Amino acid sequence: MEQINNLISGGAVTDLLFYVFAALTLLCGLLVIANPFSRNPVTSAMFLVLTIISMSGLFLLLHAFFLAAVQILVYAGAVIVLFIFVIMLLDLKEEQRRRIRFFGLFAGLLSVGIVFSIFIKCLSSAKLATEAPANAHDGETYALGKLLFTNYTLPFEIVSVLLLVAMIGVILLSKKKLE
Amino acid sequence: MDFIPQSIQSWYFGLTPDGKMVLWSLVKIAIVIGVVQGIVMYSVLAERKISAWIQDRVGPNRTAPPFVKFIPVLGPFLTRLGIFQPLADGLKFLIKEDFTPAGVKKIYFFLAPALAVIPAMLTVAVIPFGSMIGDQKMVIADLNVGILYTFGIVSMGVYGIVLAGYAANSKYPMFGGIRSSAQMISYEISMGMSIIPVLLIVGKLNLSQIIGWQAANGWLVVYAPVSFIIFMVASFAETNRTPFDLPEAETELVGGYHTEYGSMKFALFFLAEYSNMVSSSAMMVTLFFGGWTLPFWGLDHAATSVGMGIAHVLVFLAKMLFFMVVFIWVRWMFPRFRYDQLMDLGWRRFLPLALVNILATAVWLWLKSAN
């Protein structure tokens, strides 16, 4: 494990890998929503998988092994499999014929702009550490769990309740259809 | 070390630690992939032989290269065992016509077999198949999140199957693909939940450390038997083996997701299935049966000599092959589940059972720490 940590601690290869993964993330993310070659929803979903995998590559370069593994496990392994499951049950031809609507385009660009400005504000006000904390990545899973259940208990519980609400909502909606 | 030329020796000792690690990792990857392929080849033979014995047949007993019959006693014996059958099978896959049916989605049709094989090969990277030989740890990547890595990679395996079903432009593969995606989700959740008691007991996600804990305290199958049962059943579902081989149920779906595939592309799906069996068996051995350790003959601590290191690898292989045989045996002894039964078992039996198991283990650990 120390050897792997050493291997990705700084150096030209790490920098190069960062640019490769960052470029892949952005490129694949773009191809999810605006693929000039195919309007096929399955292709979009597969590019989403690639985006997530390259993002977990970025996490790896930050020594966040736990986050990288969970990213792949939850998003690439479960969420998008469900997407594909649903896509395969739909009529894809109709989706491929659909035109881009201007209202959708406008709303999309607006929300992207808002998120982007929030990012800029956050990043410009953040104080970047000049040095990586020493040995912060030993037992990171333990440290993460401990922080979640001590300092950040309230946000953690609120997110859990949010998920529960979504779950109950889905059950209610699908029950109503049946009756 | 005298037989190694001076130039290579000086090159090796001149490498940085990073360089040495990369070199040894490449060597280990080559060996592990080779061994896994070998096991896959001969587990296909084992499958045919064991099924033959269960059904009171003989199994493959003819195939042999022409010169073998001139070897007295040994030659006919090996032929009867079917030792040469996998070579003939492999050759057949290679020289068959690589047929692409009309109307398939070309890119996905080519991509799907590769996407099935790659995760199957990647899973073995974190499994410690031995302790030490020389100063090398017998594991390719000793990750601190080894278990999560395996689960993540295994869950990627479903894309190969789903895309194969989608690309084939045919009804039966499509059904196979849809079934597979639903089945994988259902069983992955139970599988993930089933190992949480193991993590609670050991307190580490690193597979080497889990084995170390088992060497000190005894095999985890004793501490978490329910976990083991759920994990084993879920791994049958994850590898698409009977009684959960719904995605390729030949009586209903012709050949399931690989109906339209032939030649080497079909062989890749086959390879993926058996590699998944290998890695599932390896995971069961690592998580529940002490990995490369044995409680006697001093095999329960990291090896100090090369001989002991090799003995550990052999112990691991023996345990793993036992589970491979269980996989094969179950396939020929039990009927296939119906699709609704499979879903019912996954969501309404195993998931609650796994949750109760987590709670019970947590309470037990809490009481133990309170004393």
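Once neighbours within four places in sequence are left aside, B:Leu163 is in contact with B:Tyr108, B:Leu111, B:Ala112 and B:Leu115, where contact requires C-beta atoms, placed from the backbone, to lie within 7 Å. The model is a predicted one, in which local features need pLDDT of at least 70 and side-chain atom pairs count only at pLDDT 80 or more, whereas totals for chains, interfaces and linings use all residues. Residues are numbered from 1 along each chain as its sequence is written, and chains are lettered from A and ligands numbered from 1 in the order in which they are written.

Chain A has eight helices and zero strands, helices being DSSP runs of H or I with at least four residues and strands runs of E with at least two, numbered from the N terminus. Of its 179 residues, 12% count as buried, that is, have 20 or more other C-beta atoms within 10 Å of their own. Among the contacts in chain A between residues at least 6 apart in sequence, 61% join residues at least 24 apart.

Between the chains, 22 residues of chain A are in contact with 24 residues of chain B. On the side of chain A that touches chain B, α1 (2-7) and α4 (65-89) each supply at least two residues, and the largest share, 15 residues, comes from α4(A). By class, this side of chain A has 18 nonpolar, four polar and no charged residues; Ala, Val, Leu, Ile, Met, Phe, Trp, Tyr, Cys and Pro count as nonpolar, Asp, Glu, Lys and Arg as charged, and the others, Gly among them, as polar.

Within chain B, the axes of helix α8 (residues 171-194) and helix α16 (residues 339-370) come within 8 Å and cross at roughly 15°, the axes being lines fitted to C-alpha atoms over the stretch in contact, with angles from 0 to 180 degrees between N-to-C directions. The two helices, α8(B) and α16(B), are therefore roughly parallel to each other, a term for angles under 35 degrees. Residues making the contact include B:Arg179, B:Gln183 and B:Tyr187 of α8(B), and B:Trp347, B:Phe350 and B:Leu351 of α16(B). The residues of this contact divide into 12 nonpolar, five polar and one charged.

Definitions and conventions
Angles under 35 degrees count as roughly parallel, over 145 as roughly antiparallel, 65 to 115 as roughly perpendicular and the rest as oblique. Two residues are in contact if their C-beta atoms, placed from the backbone, lie within 7 Å.
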